[in-house]
Amino acid sequence: MPSCPECGMKMVRQASYRTAWERLLRVLCIYPFRCQLCAHRFLASFAGPRVDAQRDYERLLVWYPASFSSTVLTTGGQIQNAEGTIVNLSIRGCQMKTDLPLQPGDMLCLTFTPTDQAGTPPVVIEQAVVRSSNGTTNGIEFISLDEAGEVRIRQIISDRLHSWMRPAG
Ligand SMILES: [Zn+2]
């Protein structure tokens, strides 16, 4: 895999095409990539196969306890300190299970505890929006989080991707 020209890390993933021009570059083995740590998107030549990238970000399977409050609900009303579970995580969003009915467009303030990062405080996402809802699982995009939160999520992803890349045995 190529390295990210922005941060120099090799934690990149093939990204979805944006333009017909990008598709044409396939014949030259030039593909779009997305850095998993800094979100930079770039084109690079790559000798390996093109993977069908449905999404630009690797989603880590996790099981993190979360709590959330609504900032704006499309149905009106309010949610205060409700409980949920983060089941996967990228630098740009997550999926959260909760018994509360959420709707696309609902805005949340979300806090979760990375239980595999011992002794670290919860990560706070000041503003997140529900993009999809499938019964009890909700696709959530992070709109704003403070710098500390972003650093924490990058650390979690970097730790996990490193352990995947380590050769087995
Ligand atoms: Zn990068």
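**Notebook: the zinc site and the fold around it**

I started at the zinc ion, whose site is tetrahedral, with angles of 105 to 120° among its four donor atoms. Tetrahedral here needs four donors with all angles between 85 and 135 degrees. This is a predicted model, where local features need pLDDT of at least 70, side-chain atom pairs count only at pLDDT 80 or more, and totals for chains, interfaces and linings use all residues. Residues are numbered from 1 along each chain as its sequence is written, and side-chain values use heavy atoms, leaving out hydrogens and water.

Next I looked up who holds the zinc ion: Cys4 (SG), Cys7 (SG), Cys35 (SG) and Cys38 (SG) are its protein donors, lying 2.3 Å from it. A donor is an N, O or S atom within 2.8 Å of the metal (3.2 Å for Na, K and Ca). I noted their spacing in sequence as C-x2-C-x27-C-x2-C.

Then I checked cover on two of them. Cysteine 35 is buried, at a relative accessible area of 0%, while cysteine 38 is partly exposed at 21%. Buried means under 20%, exposed over 50%, and partly exposed in between (1.4 Å probe, protein chains only).

Zooming out, I found that 43% of the 169 residues of the protein count as buried. The protein has two helices and nine strands, in the order β-α-β-β-β-β-β-β-β-β-α from the N terminus. Both are DSSP runs: helices are H or I, at least four residues, and strands are E, at least two.

Last, I looked at size: the C-alpha atoms fill a box of roughly 55 × 40 × 30 Å along the principal axes.

Conventions:
Four donors count as tetrahedral if all angles lie between 85 and 135 degrees; four count as square planar and six as octahedral if opposite donors are over 155 degrees apart and all others between 65 and 115; anything else is irregular.
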